[in-house]
Amino acid sequence: MSASDTSPECDPATGHPRPPRREFKARGSFVIRCEGCNLPKLNCLCPYQVKAESHAQVWLLTHPLEHYKPTNTGRLIGDVLAQTQVFTWYRTAPDAQLTALLADPRYAPFVIFPDDQPDYADRVVGMDAVHSAKRESRIPVFIILDGTWRQARRMFRKSAYLDGLPVLPLRTERETRYRLRKPASKAHLCTAEVAIELLRQGGDDNAAAVLDDYFDVFNDSYAASRFYKKIAEPTEAMTRLLARQAD
Ligand SMILES: [Zn+2]
């Protein structure tokens, strides 16, 4: 192993270089960003960060290319739910901490994935399994594969350590409100929206409501900043979050 293999800039499993932190050159690359929320300072998200309690937890398995994209919504979940865990996905080596957590009987983990292929039909469960886990005093965990559709499919197929877990498809009529990337379909929810719907269906209504408002503020703030527009009047979601902070 050469010295470069152990550098933090390399994937520990393959030795391949990791994407550099600043590689992402989106529109607005030269905008001054807030160090707290990584949004353009013009419409910073920090004043609207409100924590919420939930029974269920969200663990993100994030594709390495997704991590540093400022438009990623997975990070919003951790801002609201303090117990959120974020793991980087590598094909060859599972995260040691994730492997340990998956073996911990306190948790009832579910991989969130559509049930559109027959070869894992025997692993597919419904939301009733989440409620059963709660009744057994276990902590339901939604493992969300955070990446593009293609990346998520690859992560699902190439991660042997997920093969023993139940698969929970998200069934919802919700259409995406995400404005920062163009979805292939209105039915394709972004990562934060997936978490919101899972929390709501799992009975964590308050946490879902806070995250939904926080997602709206992120969406509106980011979209406005792309046009160098400052949001002058607080939106309804902003007003609700500020009121919660005052409580
Ligand atoms: Zn900020």
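Which residues of helix 7 (residues 236-246) are buried? They are A237, M238, R240 and L241. The model is a predicted one.

**Helix 7**
- Viewed down the axis of helix 7, the buried residues fall within an arc of 165 degrees, so they line one face of the helix.
- Exposed residues E236, A243 and A246 sit on the face of helix 7 that is turned away from its buried side.
- Helix 6 is included in what covers the buried residues of helix 7.

**Helix 6**
- Helix 6 covers residues 205-226, and its 22 residues should span 32 Å at 1.5 Å a residue; the end C-alpha atoms are 32 Å apart, which agrees.
- After helix 6 comes Y228, with a positive phi near 55 degrees.

**Strand 1**
- Strand 1 (residues 57-62) pairs with strand 2 in the parallel sense through four bridges.
- W59 has Q85 of strand 2 as its bridge partner, and L60 stands opposite V86 in strand 2.
- Strand 1 also runs parallel to strand 4, to which six bridges join it; Q57 stands opposite V141 there.
- In a regular strand, side chains alternate between the two faces of the sheet.
- Both faces of strand 1 are covered, with Q57, W59 and L61 buried on one side and V58, L60 and T62 buried on the other.
- Strand 1 is largely enclosed by the rest of the structure, because six of its six residues are buried.

- Nonpolar side chains tend to be buried together in soluble globular proteins.
- Leaving aside residues up to four places away in sequence, Y214 touches Y48, V50, L76, D79, V80 and L241.
- L241 is also one of the buried residues of helix 7.

Definitions and conventions. Residues numbered from 1 in each chain as written. Predicted model: local features only at pLDDT ≥ 70, side-chain atom pairs only at ≥ 80, totals over all residues. Helix = DSSP H or I, 4+ residues; strand = E, 2+ residues; numbered from the N terminus. Expected span 1.5 Å × (residues − 1). Buried ≥ 20, exposed ≤ 12 C-beta atoms within 10 Å, placed from the backbone. Arc of directions from axis to C-beta. Contact = placed C-beta atoms within 7 Å. Pairing = 2+ DSSP bridges.
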